[in-house]
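This report considers selected side chains, their surroundings and their pairings. Please keep the sequence and the model in view while reading.

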Amino acid sequence: DGCLTSWKTFLTDMENYKVKSIKDYGSTKSYVEFLDRDFKKFMHENKKTVMYLVKEFEMKKSATAYKRATTDKTGVLDSLKLKDYKFSDDLFKRLTVIPDGKNHGMMLLLDWSGSMSDTLMNTVEQLINLVSFIKKVNIPFEVYFFTSERKYRNEDTGYDKSWSYKTDNTWMFEDFNMVNCASHRMSKQELNQGLMYMYHMAVHYNASYVYHKVWDNDLQMARYNSYDIPRQYNLGNTPLNEALIYVNKLLPAFKKKYGIEKMTFITLTDGGANGFYRKLKANQVKKEGFDEYERSYDKTAVITIGKKKLSIDRYSSGDSLTAGLLRH
């Protein structure tokens, strides 16, 4: 799919970029060593947090299963109750039956926009802890981050379009990309590598775009020796609504494939989604005095997803659409 970058492509892109940077700029080798130490330190320090989450999950799951437990007759006589035959017909041994726990599944969506730069470090750390927890309790999961920087994805063919429009006078959205950066389908080594690259990008932005009163050695290392980030994974604008529309395709497929009964979908975002536009015909542009693309708040938008329709009034913004999509 043109909107989706697989985790295999993500790992390959990041690894190739790192190798090339080390070859071209030898100083980045010291940063790679620093990053490896810092990432391992973070993972070690957060083991207690992850195990606490695991413990809470298992306790809640056990309590729910116990509450739903039923008692069933086995058809085997209980000799100790034979003396009560005149008063009770319950002479059979009983077996406690605890229904199988529901199949859980999780999908996480991370906002990879410029407004996240000052909080990206904390958010990615939270994301890594969540993934570590999910992996421990053995739940199927997928993690995506969305970015507007897909125009750099294929420099040979140019700007790939995410959407197809059959006619003019239809509502239009931003082109975007969904990057699958972590998945239960990865091997242990691949998952660790993917999380390390996410940590690297967070460290890079934390050092390059966030004000710090004190510049310690770690920050200086990340600021001046980092091997940087491939352009197609840079922070950009906020195609949150576009990503949520696309998730409406991903979630049902994920649930069906893994037989998920209890699905959890988490967005890690500061909101502020892009607006959307209506593409006008040439005669409308001339007659109504608009540019080729008209802002969303000038008309009412009706968006059809599956069998449901979402109506966005003429005064709405991208945020109003976000709320509608999340309800959907």
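Which residue forms a salt bridge with Lys-18, and how far apart are the closest N and O atoms? In this predicted model, the partner of Lys-18 is Glu-15, with the closest N and O atoms 3.4 Å apart.

## Salt bridges in helix α1

Side chains of opposite charge can pair when their charged atoms come close. A search of the whole structure finds 4 salt bridges, and the pair of Lys-18 and Glu-15 lies in helix α1, which spans residues 7–24. Because these two residues are 3 positions apart in that helix, about one helical turn separates them. Lys-18 has a relative accessibility of 13% and therefore counts as buried, the cut-off for that class being under 20%, whereas Glu-15, at 27% relative accessibility, counts as partly exposed.

Helix α1 also holds Lys-20 and Asp-24, which are 4 residues apart, or about one turn of the helix. Lys-20 forms a salt bridge with Asp-24, and here the closest N and O atoms are 2.9 Å apart. Lys-20 is exposed, with a relative accessible area of 53%, while Asp-24 counts as partly exposed at 42% relative accessibility.

In helix α2, which covers residues 28–45, Lys-40 and Asp-36 are 4 residues apart, so about one helical turn separates them. Lys-40 forms a salt bridge with Asp-36, the distance between the closest N and O atoms being 3.3 Å.

## Cysteines

A disulfide is a covalent bond between the sulfur atoms of two cysteines. The structure holds 0 disulfides. As for burial, Cys-3 has a relative accessible area of 6% and is buried, and Cys-181, with a relative accessibility of 1%, also counts as buried.

His-200 is placed in helix α5, which runs over residues 188–209. The relative accessible area of His-200 is 0%, so this residue is buried.

When residues up to four places away in sequence are left out of the count, His-200 touches Met-14, Tyr-31, Leu-35, Ser-226, Tyr-227, Asp-228 and Ile-229.

Definitions and conventions:
Residues are numbered from 1 along each chain as its sequence is written. This is a predicted model: local features need pLDDT of at least 70, side-chain atom pairs count only at pLDDT 80 or more; totals for chains, interfaces and linings use all residues. Side-chain values use heavy atoms; hydrogens and water are left out. Buried means under 20% relative accessible area, exposed over 50%, partly exposed in between (1.4 Å probe, protein chains only). Contact means heavy atoms within 4.5 Å. A disulfide is a pair of cysteine sulfur atoms within 2.5 Å. A salt bridge is a side-chain nitrogen of Lys or Arg within 4 Å of a carboxyl oxygen of Asp or Glu.
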